[in-house]
Amino acid sequence: MVDLNRSLHGVMSPQAFLTEPSSDQISLLKVGAASDQHSLIALYRSDGRDETVRSPNQLEGFLAVIIFQDMKKFTLRRNKKALEIPRSLRGAAGLHDLRNEWSSPKYPVFSMNFIFSSAFLAGLPLGSGYRGMDLLRDAPDYGNHDQVLLYIASALLPAFDQPAHANRLFVDQVFLAASTHLISKYGSQQPLGQLRGGLTPWQEKTAKDFLVANIRANVSLADAADLCDLSAPHFARLFKKSTGTSPYKWLIERRLAHSKALLESTSDELATIALACGFADQSHFTRTFTRIVGLSPGAWRRLRKG
């Protein structure tokens, strides 16, 4: 967690997200899958001091909030009109159109906030004919218990321990999963349409070659999508259509295959192999290998070498 008053480069400033947040803490993750700097994920804590929290209507997009702890009832104002929000339990979700002006008294809260810019929404591939800001509608009453969004948000909590070192592909995929779920659940029209086909042969080869060449790097969806002349959300869905798995999982499989080759053909230490295959450290390598392969790297090496 970082203090709100600290300057954060490359992401929306905390002051643009919440005004006068001196008693709060916020940690931000920039989302590479988005097409501009205003799409991001924020982990937000407030101690509830008696100040006003306000989201000025300077942005086009939607703010989705999932709360991690129970909230007392409070009054929310949309364009100065009062909305009475009843007591909400953990897992309650709210959706706010940022073209409106929102304000409320502060209250103790621990939440994760997903900000979907209009540019990001406009880039989503649809089969229904609806795009961009037509996809979502306000749902500010926190009357829906959204177990799916709570699960998605909880999967991101470890990334906030060290936001600068979070796996970009994983964060991108989770952000896309959140957007797809929210459009399906709260969409003003209908959920994302089914895509036909997948990547073209040259796009699939280009994407796979890029991921393999950058097996040690912390690449994003946008990096690979740009090479295929696609938006990141469109690329992610076409990649899964073509390969049966997400870009993140596909890259993990390549890293594990490379690690197996090194385990079998060298006597390198596990820490060295972990870094050579793009894992953050030996612990991350061991956890991932054991979860997917069923044996620890050391045990797998001993078994293979007899």
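**Entry 1: Ser118**

I started at Ser118, which sits in helix H2, residues 118-122. Helices here are DSSP runs of H or I of at least four residues, strands are E runs of at least two, and both are numbered from the N terminus. I was working on a predicted model, where local features need pLDDT of at least 70, side-chain atom pairs count only at pLDDT 80 or more, and totals for chains, interfaces and linings use all residues. Residues are numbered from 1 along each chain as its sequence is written, and side-chain values use heavy atoms, with hydrogens and water left out.

I looked up the relative accessible area of Ser118 and got 22%, so Ser118 is partly exposed. The class limits are under 20% for buried, over 50% for exposed and partly exposed in between, with a 1.4 Å probe and protein chains only. Setting aside residues up to four places away in sequence, I found Ser118 touching Glu60, Gly61 and Met133; contact means heavy atoms within 4.5 Å. Glu60 is 58 residues from Ser118 along the chain, and their C-alpha atoms are 5.4 Å apart.

**Entry 2: His96**

I then went to His96 in strand S8, residues 92-97. Its relative accessible area is 5%, so His96 is buried. I noted a polar contact of 3.0 Å between the side chains of His96 and Tyr142. Such a contact is a pair of N or O atoms within 3.5 Å; within protein, one must be able to donate a hydrogen and the other to accept it, and residues adjacent in sequence count only if both atoms are side-chain atoms. Beyond four places in sequence, His96 touches residues including Gly61, Trp102, Asp138 and Tyr142.

**Entry 3: nonpolar cores**

I listed the largest nonpolar core, which has 69 residues; Ile41, Met112, Phe114, Phe116, Leu121 and Phe235 touch the most other members. Helix H4 gives the most to this core, nine residues. A nonpolar core is a set of buried Ala, Val, Leu, Ile, Met, Phe, Trp, Tyr and Cys residues joined through side-chain atoms within 4.5 Å. For Phe116, leaving aside neighbours within four places, I found contacts that include Glu60, Leu121, Phe175 and Leu182.

**Entry 4: largest pocket**

I read off a volume of about 890 Å³ for the largest pocket. On a 1 Å grid over the protein atoms alone, a pocket is an open set of points where a 1.4 Å probe fits, with protein on both sides within 12 Å along at least five of seven lines; lining residues have an atom within 4 Å of a point. The volume is the space filled by probe spheres set on the points. I counted 26 lining residues, with His165, Asn167, Ala280, His284 and Arg287 nearest the centre. Helix H10 supplies the largest share of the lining, five residues.

**Entry 5: Ser259**

Ser259 is buried, at a relative accessible area of 0%. Its side chain reaches the backbone oxygen of Leu256 at 2.7 Å. Not counting residues up to four places away, I found Ser259 touching Ile273, Cys277, Phe285 and Phe289.
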